[in-house]
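Load the model and keep the selection panel open. The stops below go from the whole chain down to one residue and its surroundings.

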Amino acid sequence: MNASVSKEPLDARDRPARLTVGVVGAGRVGPALAASLQLAGHRPVAVSGVSDASRRRAAALLPDVPLVEPAEVLARADLVLLTVPDDVLPTLVEGLAETGAVRPGQLLVHTSGRYGARVLDPALRAGALPLALHPAMTFTGTAVDVQRLAGCSFGVTAPEELRLAAEALVIEMGGEPEWIAEESRPLYHAALALGANHLVTLVAQSMDLLAKAGVSAPDRMLGPLLGAALDNALRSGDAALTGPVARGDAGTVAAHIGELRTHAPQAVAGYVAMARTTADRALAHGLLKAELAEDLLGVLADQERRPGGPGPGETR
């Protein structure tokens, strides 16, 4: 929020006042969000963390903020960030509500991409104000994350009467709120995972293969290429497709797969799957000529039904 926001009572619901902030789950996300809220004038007062790594993160990003049990975090804070793994979140919320840790009027925020606000229903019944604020960002667990939040999109889901409060908190953290309907959260999260998580795997595999090919600095070689490819894709979508699959170079693709089977058999299944998907999209957008696609798709189909099944580390 900007300086024009007045310090109204919490139950005004449309724009939160200066709040005491607690974090349950000091992973990579929670301390960074709390630190960004602190820059906006809120006051972190408690954090919970179990592992040594989480405690170190909390100490680095939230110095002098006491480490306490989750129930004590809720007792001290007006705004509580539940930054735990997705699979843990429903059980955590139920437990906090059942033990009476949740206070009426308390803002309870989770950062899961998978879930919307309904996962917080047990806390809602206890009087809490439920918000789902998912930063579309990869986190390192260091102070650089606070800087990266500037301009970061957040997937926001909340009851309609809390929408303005949710969006205001995102803006205070430097982010850009993007409203996601409750029923669309799983699809939204799948889209982000497909793009970001799989990108890391693809880049890491590419660097491994370049190293095997004798490239001394794979990261330096890939940086400009991948940067340009990402920029082109964001600007132009499928029109940015290049390379042997989009051109229909069946012989080159077959040679690639042969080399991968020899040097990195665990990468074959991913290459074939992505090549088929790329071919389908290139065909649909008129980039791949139908007469060239036939041979290319034949090569890929031969790999999928190769006698003896997939190679080591591959899946059908």
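**Stop 1: the whole chain.** Select everything. This is a predicted model. Show it as a cartoon: the protein chain has 13 helices and seven strands. Switch to the C-alpha trace, which spans about 70 × 40 × 35 Å along its principal axes.

**Stop 2: confidence.** Colour by pLDDT. The protein chain averages 91, and 92% of the residues score at least 70. Now select residues 1-13, where the pLDDT is below 50. Beyond near neighbours in sequence, this stretch still has 22 contacts in the model. Go next to residues 308-316, also with pLDDT below 50. That stretch has 12 contacts beyond near neighbours in sequence. Where pLDDT is low, predicted coordinates should not be read in detail.

**Stop 3: surface and charge.** Select the charged side chains: 28 are positive and 35 are negative. The centres of the two sets lie 4 Å apart.

**Stop 4: the interior.** Hide the surface. Of the 316 residues, 41% count as buried. Look at the contacts between residues at least 6 apart in sequence: 60% of them join residues at least 24 apart.

**Stop 5: helix 13.** Select residues 290-304. Helix 13 has 15 residues and runs 21 Å from its first C-alpha to its last. That is close to the 21 Å expected at 1.5 Å a residue.

**Stop 6: Ile257.** Move to helix 11, residues 250-263, and pick Ile257 within it. Is Ile257 buried or exposed? Ile257 counts as buried because its relative accessibility is 1%, and the cut-off for buried is under 20%.

Now display its contacts. Leaving out residues up to four places away in sequence, Ile257 touches Val268, Tyr271, Val272, Val299, Leu300 and Gln303.

**Last stop: one distance.** Draw a line between the C-alpha atoms of Ile257 and Leu300. They are separated by 9.2 Å, with the two residues 43 apart along the chain.

Notes: Residues are numbered from 1 along each chain as its sequence is written. This is a predicted model: local features need pLDDT of at least 70, side-chain atom pairs count only at pLDDT 80 or more; totals for chains, interfaces and linings use all residues. Side-chain values use heavy atoms; hydrogens and water are left out. pLDDT is the predictor's confidence in each residue, from 0 to 100. Contact means heavy atoms within 4.5 Å. Helices (H or I, at least four residues) and strands (E, at least two) are DSSP runs, numbered from the N terminus. Buried means under 20% relative accessible area, exposed over 50%, partly exposed in between (1.4 Å probe, protein chains only). Lys and Arg count as positive and Asp and Glu as negative; His and the chain ends are not counted. The place of a charge is taken as NZ of Lys, CZ of Arg, CG of Asp or CD of Glu. The expected span of a helix is 1.5 Å times one less than its number of residues.
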